Amino acid sequence: MTTTASTPASGSRIGTGVGSLPRAGARPATGAAPLKNNNYALLQIVLFWAGAILLPLGLVVIVLGWYGAANTPYQYDQLSYLVSGGLLGLGLTFVGGFLYFGAWLARIADDGRESSKRLADTLLVLADVTSRSAAISDGGVDVAALPVTAGEGTTMHRRDCALIAHREDLRPVGENNANLTACRVCRP
């Protein structure tokens with residue numbers, strides 16, 4: 001399968017594939033790392049890994065605090081284990097959980113953006129198919145650009161000219177149009 005690239009006037013490569021259309025919001029291929037200019041994906045990865053480290057670390061600190069308090073007979077030592085191990089571990093666990101939640105929200109936002117891009121791409125394809133089917137139904141000719149005259153008039157108009165749009169007696173100009181003047185509004 002061969003692929004072609006559609007290249008706009010700026011020369012940047014936008015879409016690939018046979019007959020492909022430009023993607024909404026597509027960036028030219030630069031060969032850079034995928035996370036270099038994608039701040040949302042980078043945020044999601046940072047939040048995920050911070051949560052992945054802090055949540056189990058908090059649980060380990062809680063277990064170490066419990067183990068220290070369980071193996072000392074003195075109450076003042078148990079209190080220090082409770083404060084340093086239990087509360088610190090609980091705080092780390094909550095922060096890790098909130099960071100996981102933030103990574104999940106960043107993922108949902110990224111999925112929403114991707115869905116919007118897909119919808120825009122689908123609308124571009126639909127518009128292209130609609131315009132192609134309109135061109136095919138008219139025999140591949142832009143009917144609005146055909147020169148016409150209204151009745152026995154001496155002025156040549158485009159078919160979509162606002163001056164003659166309401167008229168029913170339009171007829172194509174043909175080859176002998178040397179005696180006709182061009183409309184100043186539509187200029188065929």
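This is a predicted model: local features need pLDDT of at least 70, side-chain atom pairs count only at pLDDT 80 or more; totals for chains, interfaces and linings use all residues.
Biologist: Why does Phe48 count as partly exposed?

Modeller: Its relative accessibility is 37%. Buried means under 20% relative accessible area, exposed means over 50%, and partly exposed is in between (1.4 Å probe, protein chains only). Phe48 at 37% therefore counts as partly exposed. Residues are numbered from 1 along each chain as its sequence is written, and side-chain values use heavy atoms, with hydrogens and water left out.

Biologist: What makes Trp49 exposed?

Modeller: Its relative accessible area is 51%, so Trp49 is exposed. Tyr100 has 29% relative accessibility, so Tyr100 counts as partly exposed.

Biologist: Why is the pair of Phe48 and Trp49 called edge-to-face?

Modeller: Rings of Phe, Tyr and Trp (its six-membered ring) pair if their centres lie within 6.5 Å; planes under 30 degrees apart count as stacked, over 60 as edge-to-face and the rest as tilted. The ring centres of Phe48 and Trp49 are 5.3 Å apart and their planes stand at 80 degrees, so the pair is edge-to-face.

Biologist: And what makes the pair of Phe48 and Tyr100 edge-to-face?

Modeller: Here the centres are 5.7 Å apart and the planes stand at 65 degrees, so this pair is edge-to-face too. It links distant parts of the chain, since Phe48 is in helix H1 (residues 39-70) and Tyr100 in helix H2, 52 residues apart. Ring pairs join Phe48, Trp49 and Tyr100 into a cluster. The whole structure holds 4 aromatic pairs.

Biologist: What counts as a helix or a strand, and how many of each does the protein have?

Modeller: Helices (H or I, at least four residues) and strands (E, at least two) are DSSP runs, numbered from the N terminus. The protein has 2 helices and 6 strands, in the pattern β-β-α-α-β-β-β-β along the sequence.

Biologist: How do you know that strand S3 and S5 pair?

Modeller: Two strands pair if DSSP finds at least two bridges between them. Strand S3 (residues 147-150) and S5 have 3 bridges in the antiparallel sense; Thr149, for instance, has Arg171 in S5 as its bridge partner. S3 also runs antiparallel to strand S4 (residues 155-158), joined by 2 bridges, and the partner of Val148 in S4 is His157. Between S4 and S6 there are 2 bridges in the parallel sense, with Met156 bridged to Ala182 in S6.

Biologist: Why are S5 and S6 said to stand at the edges?

Modeller: The open sheet of 4 strands has the order S5-S3-S4-S6, with mixed pairing. Strand S5 (170-172) and strand S6 (181-182) each have a single partner strand, so one side of each is left without a neighbour in the sheet.

Biologist: What makes Leu87 exposed?

Modeller: Its relative accessible area is 55%, so Leu87 is exposed. This residue sits in helix H2 (residues 75-137). Together with Leu79, Leu82, Val83, Leu90, Phe94 and Phe98, Leu87 forms a nonpolar surface patch with about 740 Å² of accessible area. Patches are made of residues with over 30% relative accessible area and no salt bridge: like charges are joined within 9 Å, nonpolar side chains (Val, Leu, Ile, Met, Phe, Trp, Tyr) within 5 Å. A salt bridge is a side-chain nitrogen of Lys or Arg within 4 Å of a carboxyl oxygen of Asp or Glu, and the areas come from the Shrake-Rupley method with a 1.4 Å probe; for residues, only the protein chains shown count as cover.

Biologist: What share of the protein is buried?

Modeller: Buried residues make up 19% of its 188 residues.
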